[in-house]
Amino acid sequence: MENVFRLVDNKDFFARRCIMVNGPVIVGAGPSGLATAACLRDQGVPFVVLERAECIASLWQKRTYDRLKLHLPKAFCQLPKLPFPEDFPEYPTKKQFIDYLESYAKHFEINPKFNSCVQSARYDETSGFWRVKTVTSTQSTRSEVEYICRWLIVATGENAECVVPEFDGLSDFGGKVVHACEYKSGESFRGKKVLVVGCGNSGMELSLDLCNHNALPSIVVRSSVHVLPREMFGKSTFELAVLLLKWLPIWLTDKLLLLFSWLILGSIEKYGLNRPSVGPMELKNMEGKTPVLDIGALDKIKSGGIKVVPGIKRFSSGQVELVNGERLDIDSVVLATGYRSNVPSWLQEGDFFSKNGFPKQPFPHGWKGNAGLYAVGFTRRGLSGASSDAMRIAQDIGKVWKGETKQIKKRTTACHRRCISQF
Ligand SMILES: Cc1cc2nc3c(=O)[nH]c(=O)nc-3n(C[C@H](O)[C@H](O)[C@H](O)COP(=O)(O)OP(=O)(O)OC[C@H]3O[C@@H](n4cnc5c(N)ncnc54)[C@H](O)[C@@H]3O)c2cc1C
Ligand SMILES: NC(=O)c1ccc[n+]([C@@H]2O[C@H](COP(=O)([O-])OP(=O)(O)OC[C@H]3O[C@@H](n4cnc5c(N)ncnc54)[C@H](OP(=O)(O)O)[C@@H]3O)[C@@H](O)[C@H]2O)c1
């Protein structure tokens with residue numbers, strides 16, 4: 001209790017509304033935050049979820065295109081403690097996934113504090129609490145709230161912000177330029193010459209969508225890329241890779257995956273898609289670079305519906321000049337140049353997270369830091385990695401919580417007016 005009074009002494013304390021949270025604060029109401037909240041609920045631990053958007057799963061609801069489906073089979077994408085409905089297809093659509101997340105939040109009574117963007121979080125060594133500052137804005141109001149908590153769970157995602165590279169001359173281009181996160185459908189690009197920059201899963205799927213809407217896409221492949229079929233011999237490639245990795249070293253798994261891909265897809269090099277020298281699983285582990293799981297773009301590349309072009313030198317009015325000197329007339333540009341974590345912009349901590357906004361320790365060790373700090377969903381293993389983090393975190397906090405419940409209850413009574421929780 002003494003430590004809490006020391007916090008009250010701080011003159012900053014009365015400058016904004018201050019809320020003492022009985023339990024952990026979870027930053028982010030995407031799949032990772034929801035999974036952790038559900039597991040904490042199961043452990044009987046109260047929590048508060050802070051979300052900058054006005055809805056759960058804002059990446060899925062607001063920043064993805066219409067044709068998106070999960071690219072891993074549903075068994076690898078469901079969150080802990082509530083499976084997908086049985087009638088879901090093997091690869092659920094974006095709408096089905098969002099519906100599932102909505103019912104997941106409802107089922108576990110997870111009610112995030114929406115429009116609450118975390119601006120900073122730091123550990124106060126004197127009090128032993130985390131101080132999490134948020135700006136809460138609605139259309140007409142803006143207020144600052146500080147949450148004080150013993151445990152801080154970072155669930156802001158690997159894809160919190162768009163990567164928008166700078167290109168020479170882009171301001172003179174004159175046509176429409178959007179990032180993949182703003183792209184919804186190829187409908188508005190019908191008949192247009194579109195340059196898609198980036199050949200990850202987004203770039204490939206958007207090029208396919210553009211092609212299907214009778215646009216004329218060219219895709220920029222500036223380096224190399226692993227393209228694998230989404231399925232091999234009737235089994236999902238991901239599932240097959242997981243199975244092989246149980247018995248074989250990663251280099252041999254990669255060799256087999258590449259052999260099978262070659263048998264199914266043929267050589268991709270002759271279409272301008274050079275494979276990296278490191279195998280797909282090893283590259284994913286080393287650099288987090290996801291292989292493309294092909295759902296039809298490759299056929300369009302082979303048939304000339306999607307043109308593969310090398311890196312960009314500069315843009316000019318209505319044109320792009322490529323590194324090989326070729327000039328293309330283009331109407332629009334879609335930047336499928338990826339995403340990044342935003343953790344370094346708000347978390348004042350240097351031991352657990354590295355400068356790129358990912359935990360320094362790779363999976364499966366990157367979920368727990370010091371002083372009650374946790375990370376969920378930074379495993380570079382998609383939704384299945386997030387689920388595994390969430391269960392570990394809830395168990396870890398649950399153990400302490402159960403051991404200390406009596407003391408915490410006393411503390412809760414003492415500072416009743418300032419405490420909130422969703423318990
Ligand atoms: C187009 C696309 C398709 C994908 N498809 C798949 C797939 O099929 N399978 C798969 O396993 N993975 C897929 N992924 C990876 C994807 O990141 C995960 O599926 C999943 O969304 C990760 O959940 P998350 O909760 O960790 O992050 P997010 O879904 O990004 O959620 C993080 C939440 O934190 C909030 N937030 C961020 N900063 C703050 C802040 N400062 N204060 C408050 N709130 C904040 C955000 O608004 C967001 O709601 C895909 C990613 C993209 C971009
Ligand atoms: N259906 C699905 O489930 C689905 C769909 C889309 C995305 N996703 C997931 O979402 C995450 C993000 O995927 P993403 O495709 O958006 O991003 P990404 O995998 O990070 O790919 C970004 C691409 O942009 C290129 N790039 C970056 N800067 C560039 C520049 N200046 N000039 C030219 N090219 C540039 C990169 O090339 P280099 O490789 O040379 O850096 C890379 O090809 C991944 O985990 C992915 O699997 C899933």
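Residues are numbered from 1 along each chain as written, chains are lettered from A and ligands numbered from 1 in written order. In this prediction, local features need pLDDT of at least 70 and side-chain atom pairs pLDDT 80 or more, while totals for chains, interfaces and linings use all residues.

**Exercise 1.** Describe how helix 2 and helix 4 pack.

*Solution.* Start with the elements: helices are DSSP runs of H or I with at least four residues, strands are E runs of at least two, and both are numbered from the N terminus. Next, the geometry. Axes are lines fitted to C-alpha atoms over the stretch in contact, and angles run from 0 to 180 degrees between N-to-C directions. The two helices are therefore roughly parallel (an angle under 35 degrees). Last, the residues in contact (C-beta atoms, placed from the backbone, within 7 Å). Helix 2 gives P31, L34 and A38; helix 4 gives L101, Y104 and A105.

**Exercise 2.** Find the angle between helix 7 and helix 8, then list their contact residues.

*Solution.* Helix 7 (237-247) and helix 8 (250-265) pack at about 145°, axes 9 Å apart. A241, L244 and L245 of helix 7 meet I250, T253, L256 and L257 of helix 8.

**Exercise 3.** How many residues surround ligand 1, and which are the closest?

*Solution.* Count residues whose C-beta atom, placed from the backbone, lies within 6 Å. There are 36. The closest are G28, G30, G157, G377 and G382. Now the elements: helix 2, helix 3 (58-62), strand 4 (116-124) and helix 11 (382-414) each supply at least two shell residues.

Notes. Angles under 35 degrees count as roughly parallel, over 145 as roughly antiparallel, 65 to 115 as roughly perpendicular and the rest as oblique. Two residues are in contact if their C-beta atoms, placed from the backbone, lie within 7 Å.
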